[in-house]
Amino acid sequence: MEETVHTLRPRAEAEAARLPPLLARAEHLAGTVLLGEHGRRRAGQGDDFWQYRPVQQGDSRRMIDWRRSARSDAQFVRQREWQIAQSVMLWVDPAASMRFSSDKGLPDKADRARLLALAISVLLLRGGERVGMTGTALPPRRGQAQLARLTQALTLDSEEDYASPDMAGLVPHGRALLISDFMGDLAGLRAALTKAADRGVRGVVYQVLDPAEEAFPYRGRTIFESMGGTLAHETLKANDLRDRYLERLAERKAELAALCAATGWRHGLHHTGDSAQSALLWLYRAIDKGASA
């Protein structure tokens, strides 16, 4: 038992030490994206004035704004902006494959994925949305306390090489963001998106890759080993594998795009060598479009 304590305590302390820097980086990144007030600009129940529109067939007399109508020959209805908060559920791949980085100057895929997920959470929570994690451990909530819970949840790793999204706890007609390299078997993702579509959930499938996974720069004798250590392949002529690898990667991207198109989701791609700020802006717009789809 004492050996277990000695093993777990340093690991727990190391995990806890990661939380403030990750949250600080996410808040800083979110602060660089100037998006203005977050509103869905639809007619509905709310307090903020949106627009006047002419009376239409089916409108009751009590809907008419008589003060505005008195200034014109027509009658007008005062519409208010729809401000019902929606739920956005996150899944960030915790598997070992995400801990790959081809260069010390690059973040690993897990670090970039977590940073983007937490930064988008900052923006959504500031806009009054409820944010949570897929599964049952962290249901969607608002507020700063939820941001701390999300930070904690996003630091959890898995020892398996590849993972599939856990889509338990989805809020019907809400939105979701799935971030992974999606290099494993896509059967789990296919089932997840089908389940989401059946519940009216739309969202974004965001693929994060290391630049080396895109370019395959390897030459000569090379040993390819999975991050979890369960798979290994040695070759004397890595360059002979390049064309076949790039062909399969293109097929994988096309499969992801087709799967998203069939279920009403959006597919995005990001490389860890590219700007996190531009990735966050794209994600925010993609998720917001999902709200109006």
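These legends walk through several close-up views of one predicted model.

Residue numbers start from 1 along each chain as its sequence is written, and side-chain values rest on heavy atoms, with hydrogens and water left out. Because the model is predicted, local features need pLDDT of at least 70 and side-chain atom pairs count only at pLDDT 80 or more, while totals for chains, interfaces and linings use all residues.

View 1. Helices (H or I, at least four residues) and strands (E, at least two) are DSSP runs numbered from the N terminus. Of the 293 residues, 42% count as buried; here buried means under 20% relative accessible area, exposed over 50%, and partly exposed in between (1.4 Å probe, protein chains only). The protein exposes about 15900 Å², and carbon and sulfur atoms supply 51% of that area, as computed by the Shrake-Rupley method with a 1.4 Å probe. Among contacts (heavy atoms within 4.5 Å) between residues at least 6 apart in sequence, 74% join residues at least 24 apart.

**View 2. The largest nonpolar core, with 40 residues.** A nonpolar core is a set of buried Ala, Val, Leu, Ile, Met, Phe, Trp, Tyr and Cys residues joined through side-chain atoms within 4.5 Å. Leu90, Ile120, Leu177 and Tyr206 touch the most other members. Elements that each supply at least two residues include helix H1 (2-31), strand E3 (87-92) and helix H8 (276-292). The largest share, 12 residues, comes from H3. A second, separate core has 20 residues, among them Ala176, Val201, Val205 and Leu259. In soluble globular proteins, nonpolar side chains tend to be buried together.

**View 3. Isoleucine 120 and isoleucine 287 in contact.** Setting aside neighbours within four places in sequence, isoleucine 120 meets Leu90, Leu177, Leu280, Leu283, Tyr284 and Ile287. Isoleucine 287 sits in helix H8 and counts as buried because its relative accessibility is 3%. Beyond residues up to four places away, isoleucine 287 touches Ile120, Arg175, Leu177 and Val204. Between isoleucine 287 and leucine 177 there are 7.7 Å from C-alpha to C-alpha, although they are 110 residues apart in sequence.

**View 4. The largest cavity and its lining.** What would you find closest to its centre? Ala163, Ser180, Phe182, Gly184 and Asp185 are the closest of the 14 lining residues. The cavity holds about 70 Å³ of space, and the lining divides into seven nonpolar, four polar and three charged residues. Phenylalanine 182 lies in the loop between E5 and helix H5 (187-198), and at 5% relative accessibility phenylalanine 182 counts as buried. Its phi is near 50 degrees, a positive value in a residue other than glycine.

On a 1 Å grid over the protein atoms alone, a cavity is a set of points where a 1.4 Å probe fits but cannot get out, and lining residues have an atom within 4 Å of a point.

**View 5. Two loop residues, serine 102 and histidine 173.** Serine 102 is in the loop between E3 and H3 and is partly exposed, with a relative accessible area of 36%. Histidine 173, in the loop between H4 and E5, counts as exposed at 63% relative accessibility. Histidine 173 has a positive phi of about 65 degrees although it is not a glycine.

Technical notes:
On a 1 Å grid over the protein atoms alone, a cavity is a set of points where a 1.4 Å probe fits but cannot get out, and a pocket is an open set with protein on both sides within 12 Å along at least five of seven lines; lining residues have an atom within 4 Å of a point. Grid points are joined across faces, edges and corners, and a volume is the space filled by probe spheres set on the points. Ala, Val, Leu, Ile, Met, Phe, Trp, Tyr, Cys and Pro count as nonpolar, Asp, Glu, Lys and Arg as charged, and the others, Gly among them, as polar.
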